[in-house]
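Subject: Structure handover

Hello,

Here is the structure for your files. My notes on it follow below.

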Amino acid sequence: MSQNPAYKRVMLKVSGEALMGDRDYGLDNATCRRIAEDVRGVVDLGVQVCLVIGGGNIFRGISGAASGMDRAQADSIGMLATVMNALAMQNALEKIGVQTRVQSAIPMASLCEPFIRRRAERHMEKGRVVIFAAGTGNPFFTTDTAAALRAAEMSCDALLKGTQVDGVYSADPRKKPNAERYTTLTYLDMLARDLAVMDAAAISLARENKLPIIVFNIHEPGAFTAVMKGEGKFTTVVEQAP
């Protein structure tokens, strides 16, 4: 395989749960550092990187709503959780020498920059990793949708979704060992088969903007760099499968 990166600018979406490591809740510093090192590996290839991190390791709005909380209020708490994770990842990246900026959809001037598209683009052009926090700034939208939105706004070449497994399967391979693993899918396949990797709004937004979705295992050290080189295991979601 070629050692040249497949894409020039990418969005990496990581769930909040991915930062927990073996913990039941919160952040695991060693896991944050490992993911940061993977991001540094891609930056070292000359790829411009931006991130969106979920907040499910701290608070999930939809779970709060299910337990009787007002959904809009619960989602606001969830957005604040994503800011906490963004700051933690900023710390992990800067500890290993990667220049980073956090931009929040909810203004928090004492902690980070507000989301300004052109400023974010300029940061990326200078080689800084930009972490977009607080989702879209609106309730009822997931961080998957926020990732697709920011990826489109940043003119990213691809949206990478770091998950628990090495691609998209017909069922959860951890529960069904015989589940089929897909190498390539279309956006319509994802929607029609209800493959629960990203929500429908995120997939539709990616489709409208001709943004490939690449699903890989965020827990495999070096997998992010390998995907950028076209190596390793991953699933690519595009308009038409080859």
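Helix 1 has 15 residues and spans 21 Å from its first C-alpha to its last, close to the expected 21 Å at 1.5 Å a residue. The expected span is 1.5 Å times one less than the number of residues; helices (H or I, at least four residues) and strands (E, at least two) are DSSP runs, numbered from the N terminus.

This is a predicted model: local features need pLDDT of at least 70, side-chain atom pairs count only at pLDDT 80 or more, and totals for chains, interfaces and linings use all residues. Residues are numbered from 1 along each chain as its sequence is written, and side-chain values use heavy atoms, with hydrogens and water left out.

Helix 1 buries Thr-31, Cys-32, Arg-34, Ile-35, Ala-36, Asp-38, Val-39 and Val-42. Buried means under 20% relative accessible area, exposed over 50%, and partly exposed in between (1.4 Å probe, protein chains only). Strand 1, strand 2, helix 3, strand 5 and helix 8 are among the elements that cover these residues.

The largest nonpolar core holds 39 residues, and Met-89, Leu-160 and Phe-224 have the most contacts inside it. Such a core is a set of buried Ala, Val, Leu, Ile, Met, Phe, Trp, Tyr and Cys residues joined through side-chain atoms within 4.5 Å. Helix 3 gives the most to this core, six residues. Leaving out residues up to four places away in sequence, Leu-160 touches Val-10, Met-11, Leu-12, Lys-13, Ile-214, Phe-216, Phe-224, Val-227 and Met-228 (contact means heavy atoms within 4.5 Å). A second, separate core of 29 residues includes Val-130, Leu-195, Val-197 and Ile-203.

The largest pocket has a volume of about 1,000 Å³. On a 1 Å grid over the protein atoms alone, a pocket is an open set of points where a 1.4 Å probe fits, with protein on both sides within 12 Å along at least five of seven lines; lining residues have an atom within 4 Å of a point. The volume is the space filled by probe spheres set on the points, which are joined across faces, edges and corners. Of the 45 lining residues, Ser-15, Arg-60, Asp-144, Lys-161 and Val-197 are the closest to the centre of the pocket. Helix 3 supplies the largest share of the lining, five residues.

Lys-8 sits in the segment before strand 1 and is exposed, at 58% relative accessible area. Lys-8 touches Gly-46, Val-47, Gln-48 and Asp-157, not counting residues up to four places away in sequence.

Regards
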